[in-house]
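Subject: Structure handover

Hello,

Here is the structure I promised to pass on. Please open it next to this email and follow along.

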Amino acid sequence: MKDHYDVIIVGAGPGGSIAAKTAAKEGLDVLMIEKRQEIGDPVRCAEGVGKFHLKQHIEPDPRWICADVKGSCIISPDGTKVEMAEEMSGGEVGYVLERKIFDRALANESALAGAEIMVKTRATDLIIENDTVCGIKLMHLGKMYEVRSKIVIGADGMESKVGRWAGIETAVKPSDMETCAQYLVSNANIDQEFCYFYLGNEIAPAGYVWMFPKGGNKANVGIGILGSKSGEDRPIDLLNDFMEKNMPDAKIIEMVIGGVPVCGTIDRTIANGLMLVGDAARQSDPITGGGIINAMDAGKIAGEIAAKAIRNGDCSTDTLQEYEELWRKTIGKEINNSLIVKETFVKFTDEDLNSLAYSLKDINFTSMSLLDLLKALFKANKKLLWDLRGIFKDFIKNDIDFKYKAE
Amino acid sequence: MSISVNKYICGYCGACVGVCPTGALELVETWIEVDNKCTGCGICQKICPLGAIEVNR
Ligand code: SF4
Ligand code: SF4
């Protein structure tokens with residue numbers, strides 16, 4: 001460890017590693033620290049990821065892919081099933097990852113690009129001078145050190161402190177947090193090409209149960225419920241109930257717990273000399289809970305902007321503002337669309353969910369365009385469409401624009 | 001007022017740290033540390049997936 005770097009990245013998850021790799025490739029002097037002694041462990045994630053977006057960052061490798069998912073199946077409270085297959089979602093759908101190996105592969109790529117990495121090394125504070133972040137204080141094996149840098153990238157996850165130290169409000173309200181528990185089970189006996197989602201306010205208040213295939217008859221079976229509904233029944237209790245009723249033969253081989261911010265975009269993710277990426281910036285999707293791709297996209301942008309700022313000799317918010325704008329235009333827009341869906345979803349009663357599923361169950365999703373789907377939905381459930389009008393307005397507009405241009 | 005985290009229950013996920021409005025919590029490797037900024041509001045207790053937190057009254 002030196003006492004000065006161009007960029008220090010706090011946290012070696014997917015967001016941190018992509019930021020480190022990008023910055024190192026730009027020729028910057030990079031240090032990435034991870035407070036755990038093992039990168040990628042323990043897992044706090046359902047491990048599902050979209051193929052198309054993943055490939056923008058790394059070549060898929062069978063060593064960290066557990067299952068290749070072709071479609072998903074949603075099960076309403078009364079058991080009505082809605083299946084959606086490959087073509088519907090734009091051709092490729094997703095993988096279920098082995099995060100322990102995936103995260104290490106990403107860290108390895110950043111190391112190969114030239115970044116220095118330290119594990120079992122925890123940031124304890126920022127060095128702030130003249131309202132500008134100039135480095136971090138860290139602890140490694142019980143000793144404190146001060147390391148200076150031109151830019152700090154906070155990729156320190158759900159429990160992020162980096163933003164707060166710089167005066168950025170990142171605390172999440174319980175009503176904006178899904179609290180989750182998951183088992184990796186063997187003897188899962190599910191179709192290994194499908195993801196399953198069980199909805200219902202008894203099963204999972206303002207949330208859902210998921211089953212993601214993990215290969216070899218294994219699955220991630222998890223539950224997320226809204227924090228404001230948690231208390232008497234904890235996620236772990238509800239998950240145990242679900243397992244008992246629906247998967248009596250499954251054997252638990254791992255327990256995973258965690259929280260997922262579902263608050264939508266926060267007001268600010270930069271300060272002078274500082275950028276936040278991934279869960280630290282609350283960039284997870286409020287409906288799917290997915291955060292891997294968003295973190296990687298944001299990490300890439302942050303790495304590029306860091307290089308630009310350092311080249312220009314200005315690491316103040318004047319330059320870093322471009323990071324803020326770029327991620328909001330892409331990731332941010334999707335997050336806020338999902339937020340509208342989530343706000344509607346958490347208000348659904350079981351009857352709403354049943355009637356919605358019933359109206360969709362016989363539709364062949366593989367052959368329908370989004371516009372056809374919307375028409376069907378509109379016929380079936382006018383109230384829903386009204387609630388979701390914000391997002392659908394955008395979709396319809398794009399779809400029509402596209403058709404118009406094509407003709 | 002303060003809280004106690006039962007380290008035999010805690011799964012060191014950090015969810016409590018993310019919701020604490022005063023920044024009183026920190027996840028250090030496999031345990032949670034509480035500092036004197038804790039007001040005993042109980043938000044962390046509510047969010048914990050495993051029920052590892054108790055508010056001391
Ligand atoms: S939320 Fe509960 S399980 Fe998670 S770190 Fe806090 S006390 Fe531990
Ligand atoms: S009781 Fe409130 S202030 Fe104290 S640690 Fe929990 S969330 Fe923070």
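In which strand is the place of A:Lys137? The answer is strand β10 of chain A, residues 132-140.

Some ground rules before the rest. This is a predicted model, in which local features need pLDDT of at least 70, side-chain atom pairs count only at pLDDT 80 or more, and totals for chains, interfaces and linings use all residues. Residues are numbered from 1 along each chain as its sequence is written, chains are lettered from A and ligands numbered from 1 in the order in which they are written, and side-chain values use heavy atoms, with hydrogens and water left out. Helices (H or I, at least four residues) and strands (E, at least two) are DSSP runs, numbered from the N terminus.

Buried means under 20% relative accessible area, exposed means over 50%, and partly exposed is in between (1.4 Å probe, protein chains only). A:Lys137 touches residues including A:Arg122, A:Asp125, A:Tyr145 and A:Glu146, not counting residues up to four places away in sequence. Contact here means heavy atoms within 4.5 Å. A:Tyr95 is 42 residues from A:Lys137 along the chain, and their C-alpha atoms are separated by 38 Å.

Now look at A:Ala85, in strand β6 (residues 81-85) of chain A. A:Ala85 is partly exposed, at 23% relative accessibility. Its C-alpha atom is separated by 6.0 Å from that of A:Lys70, 15 residues apart along the chain.

**A helix pair**

Find helix α6 (residues 292-312) and helix α7 (residues 317-345) of chain A. Their axes come within 9 Å and cross at roughly 165°. That makes α6(A) roughly antiparallel to α7(A). Axes are lines fitted to C-alpha atoms, for helices over the stretch in contact, and angles run from 0 to 180 degrees between N-to-C directions. Under 35 degrees counts as roughly parallel, over 145 as roughly antiparallel, 65 to 115 as roughly perpendicular, and the rest as oblique.

Who makes the contact? On α6(A), the residues include A:Ile301, A:Ile305 and A:Lys308. On α7(A), they include A:Tyr323, A:Leu326 and A:Trp327. By class, the contact has eleven nonpolar, two polar and three charged residues. Ala, Val, Leu, Ile, Met, Phe, Trp, Tyr, Cys and Pro count as nonpolar, Asp, Glu, Lys and Arg as charged, and the others, Gly among them, as polar.

**Two ligand sites**

Why is the site of ligand 1 shared between chains? Residues from chains A and B surround ligand 1. A residue is near a molecule if one of its heavy atoms lies within 4 Å of it. Of the 14 residues around ligand 1, B:Cys10, B:Gly11, B:Cys13, B:Cys16 and B:Cys48 come nearest. The shell has twelve nonpolar, two polar and no charged residues.

Around ligand 2 you will find, among others, B:Cys20, B:Cys38, B:Cys41 and B:Cys44. That shell divides into seven nonpolar, four polar and no charged.

**Backbone points**

A cis peptide bond joins A:Asp41 and A:Pro42, with omega about -5°. A:Pro42 is in the loop between β2 (30-33) and β3 (48-50) of chain A.

A:Arg282 is not a glycine, yet its phi is positive, near 60°. A:Arg282 is buried, with a relative accessible area of 1%. B:Tyr12 also has a positive phi, about 40°. B:Tyr12 is partly exposed, at 29% relative accessibility.

Best wishes
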